[in-house]
Amino acid sequence: MLSVRNLHAAVEGKAILNGINLEIGPGQVHAIMGPNGSGKSTLANVLAGRDHFEVTAGEVEFRGWDLLEMEPEIRAREGLFLAFQYPVEIPGVSNLHMLKAAVNAVRRHRGEEELNAMEFLKLIKQKAALVEMRQEFLYRSVNEGFSGGEKKRNEILQMAMFEPRLSVLDETDSGLDIDALKIVAQGVNSLRSSDRSILLVTHYQRLLDYIVPDFVHVLAHGKIIRSGDKDLALELERKGYSWVEDHAGAA
Amino acid sequence: MQGTEKDLTALVQREYKEGFTTDIEADTLPPGLDEEVIRTISGKKAEPDFLLEWRLMAYRRWLEMKEPDWAQLHYPKIDLQDISYYSAPKQKKLLDSLDEVDPKLLETYEKLGIPLEEQKMLAGVRVAVDAVFDSVSVATTFKKTLSEAGVIFCPLSEAVKDCPELVHKYLGSVVPAGDNYFAALNSAVFSEGSFVYIPPGVRCPMELSTYFRINAMNTGQFERTLIIADEDSHVSYLEGCTAPMRDENQLHAAVVELVALKGAEIKYSTVQNWYPGDENGRGGIYNFVTKRGACKGKRAKISWTQVETGSAITWKYPSVVLEGDDSIGEFYSVALTNNYQQADTGTKMVHIGKNARSTIISKGISAGHGQNSYRGLVKVLKGAEKARNYSQCDSLLMGSTCGAHTFPYVEVRNPTAVVEHEATTSRIGEDQLFYCRQRGLSEEEAVSMIVNGFCKEVFKELPMEFAVEAQKLLGISLEGSVG
């Protein structure tokens, strides 16, 4: 699904990613953990194609394509979804309107019929129930006046609408109380399937109690310094990030 | 980030599709302005004496006036002796049907998407059109249907002949001849415009519209529109305008007067798309317009909606004088300035009657080197018990080389008044754009969605077919504008 090889990236001349290697197979759930400033969010944004970040070396293959050559919207239409750490507000544009335009842009790209208003409404209501989102949120402006938890749920609603091949969740758990976390996790879990992959970017182990990953990677100073299974996350939780960093330094 | 700003600017850069010229023989006065020119214009239109006298009075007032310089606008002084004050396409007098209109003129309007043949319009939306080409009206459609309802809709010069008493009574009653520098100039030399009269109790059976076209070179357009809604009547009026692309600046100094009597309602919508000049700020229309409505009677209502996308300079403050008790004034505006365009626009709401309400919603969008100013006055006179005003001014900036300014003035002389003002300034962010693109929308779709969202409160006030045009203008179809 996704193959990242020796990826280097910089922001305003400052190196943030220093040689990331990552293989994500179909159906797999990977978690990337790491302390603040380790480059977790940069990795998520580079994969989605934000032009604020400059790729200085390496390559990324996504479903057989050279991902780094693709415009952000093409990446999205080919099935790469980023759940934003800070979802953006768009005043005056209803959630419904934006999602319909986006879903149909994706469908056009894939040579599928566009959904008409009725079909779309039926689909989105079904998906909104999945993340326990009240219908009035569909008619409100995108993320405007939403609480932190509502914004994150809205991201998962969008994820459910697009049914992406690869979902990158950038600290979707941050700022969520336990009930919201459960709802978000339930939404994500319902999308797990053998042909969809998920990359969870998180600071805390807590999310991984609800979305159990197949692989856990620890990121520090722009490099993956350790990989393992879900137990690595638990060990990390107990011993702290300094433990892996020291460990990596010694090795 | 730099790259994103450049992209944003490219997105709002649209081709000016209306910039063509019609090659037609015209009867044009040589440049220059004096009493003789005014007598000639009046003579060409065979006007009654009262009108010539009024023009001359306005001219003498104007001679004593100075060009206003308080607006946040910078432009070289306009040489008013270098402009021709009258230009008319040569054609047979007294047209009875469209068959007699020069095909070149019909073609021009066809190209602009304004068909003047009624049967073509019947298929779609029923809008009666008065087409003004430089200094004269070339055609007015649906006159018959309208006259059956008692509605008068014709060029002002025709109204002067057919119903002089109405013209005499109301012309200059809302915007006096000496109101301001540009209004005085217009009063002296106005050549054409539309006249509307809706009789008591009549709801105008269709939308009325005037389409202004400047064609001739070095010619100013000085149209004058007068709309009278008699008691308990209702009318919705649309105004559109375009001009060819030229390197020189052209002056457009119009006056619009609205009179709403007891219980009457006038809804006036404008989509202003004069040539804005090129990307270096060369050429474009100087748009100095005085628009004012008077709610003369109880419960009268006047609503201005404007979408200003064109002109190099826009100086325009559609206002409402709320004389009647319980009267309502509204102003909804979207002003876009791109490249080197400058707009100083807003409104005046003058509360005189009791319990009058006014609403101001202004949306300014600045891109490129555009400078956008909102200037608004809310004035509550002593006797205006329980006046209410709500003003909201929002500015949207695209890129870092443009500017937005807000100049709200409030004068309240009655303690029972409630006046509210809200203002925001935001920037189309790289964040918003990236968010939309990550969901699969192209950059064009994203910008147009964000801008339209910003303008939504104003667009919903426009009649349907105009809303579509306005959205298009602001870039819902930015085909080919992204490299």
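**How chain B sits against chain A**

In this predicted model, 21 residues of chain B are in contact with 35 residues of chain A (contact means heavy atoms within 4.5 Å). About 2200 Å² is buried between chain B and chain A, with carbon and sulfur atoms giving 57% of that area; buried area is the accessible area (1.4 Å probe) that two parts lose on being put together, summed over both.

Chain B's side of the interface

- Helices α10 (430–438) and α11 (443–459) of chain B each bring at least two residues to the side touching chain A; helices are DSSP runs of H or I, at least four residues, and strands are runs of E, at least two, numbered from the N terminus.
- The largest share of that side, eight residues, belongs to α10(B).

Salt bridges

- Six salt bridges are counted between chain B and chain A (a side-chain nitrogen of Lys or Arg within 4 Å of a carboxyl oxygen of Asp or Glu).
- E445(B) pairs up with R108(A) in a salt bridge, with the closest N and O atoms 3.0 Å apart.

A sheet in chain A

- Four strands of chain A make an open sheet, ordered β2-β1-β4-β5 with antiparallel pairing; two strands pair if DSSP finds at least two bridges between them.
- β2 (14–24) and β5 (65–66) of chain A are at the edges with a single partner strand each, so one side of each has no neighbour in the sheet.
- Eight bridges link β1 (residues 2–11) of chain A to the antiparallel β2(A), and S3(A) stands opposite E23(A) in β2(A).

Ground rules

- Residues are numbered from 1 along each chain as its sequence is written, and chains are lettered from A and ligands numbered from 1 in the order written.
- Local features need pLDDT of at least 70, side-chain atom pairs count only at pLDDT 80 or more, and totals for chains, interfaces and linings use all residues, while side-chain values use heavy atoms, leaving out hydrogens and water.
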